[in-house]
Amino acid sequence: MTEGRTVSSPTTDLPPPDVALVIAAHPDDAEFGVGATFAKWAESATVLHHLVLTDGSKGTWDPAVDQVALIATRREEQRAAARALGSTGACHFLDRVDGELVASTTNRGRVAEVIRRLRPDVVIGHDPWKRYRLHPDHRAAGRLCVEGVVAARDPFFHPEQLVDGLEPHRPDALLLFEADEVNHVETLEQRHLAARIEALEAHRSQMATTHFYRAGEGDPLEEFRRREARRLRDMGDLVGARLGEAFHIVVDQL
Ligand SMILES: [Zn+2]
């Protein structure tokens, strides 16, 4: 969960969009990727939507866990996290099996349909070109986000969707988080970091496996909060800001 190279002069701070859609592989990925930026945009009344592609059913180290209950828990956690960011949009769930997400034409069509329905000005997702990323869902989710944007804008992709009043849609910007090459930073304030941490902590079922992963000595929750603050300081440093979230922004192919 670190950023890659950075171009010499990253751009900063898009105008707050009217509607933003984050497309994430699992519940909690969106908060790690764009949580503080979402909290900032919520102050400008941006309608924030989440699209979570998998059911999160492998998000545990406990082989005896009830996966049906885990799926339900993680949905509620995702909704609580969105509320913590100030979201007035909705959490949408595609419910593909965790760990088995593929960038298929069918899944791409489902993503395009959501984009055509919600008509976001900015779409945010995983960077599918992030090198050495191990988790297959993160690569597939990145591809589905990028390719879903293309399919949503062009009328001959999934034309069957366009009969009930849906129209092709072209966002103004695409932001990719955990970017292989950072070229854009959203600058942030302490309260946005606080909202990001509160949202991440809403994913209670993931604390042991994700948030406290490789925690050292001491209180793991405090260490998690310090690590989050350090990460946003490092990303802010890229543009001389106190805090930030870094992305690869794409605007010229939309
Ligand atoms: Zn994930």
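So, His126 stands opposite Phe177 in β6. The chain crosses from β5 through helix α4, residues 136-153, to β6, and that β-α-β crossover is right-handed, meaning that, with the strands pointing away from the viewer, the path from the first strand over the helix to the second runs clockwise. Elements here are DSSP runs numbered from the N terminus: helices are H or I with at least four residues, strands are E with at least two.

Quick caveat: this is a predicted model, where local features need pLDDT of at least 70, side-chain atom pairs count only at pLDDT 80 or more, and totals for chains, interfaces and linings use all residues. Residues are numbered from 1 along each chain as its sequence is written.

Okay, pairing, which takes at least two DSSP bridges between two strands. β5, residues 122-126, and β6, residues 173-177, run parallel over 5 bridges, and Ile124 stands opposite Leu175 in β6. On to β2, residues 19-24: β2 pairs with β5, also in the parallel sense, over 4 bridges, with Val22 opposite Ile124. β8, residues 243-250, is antiparallel to β6 over 4 bridges, and Phe247 in β8 is the bridge partner of Phe177.

Now burial. Buried means 20 or more other C-beta atoms within 10 Å of a residue's own, exposed means 12 or fewer, partly exposed is in between, and C-beta atoms are placed from the backbone. In β5, 5 of the 5 residues are buried, so the rest of the structure largely encloses that strand. For β6 the count is 4 of 5. And helix α1? There, 14 of the 14 residues are buried, so α1 is largely enclosed too.
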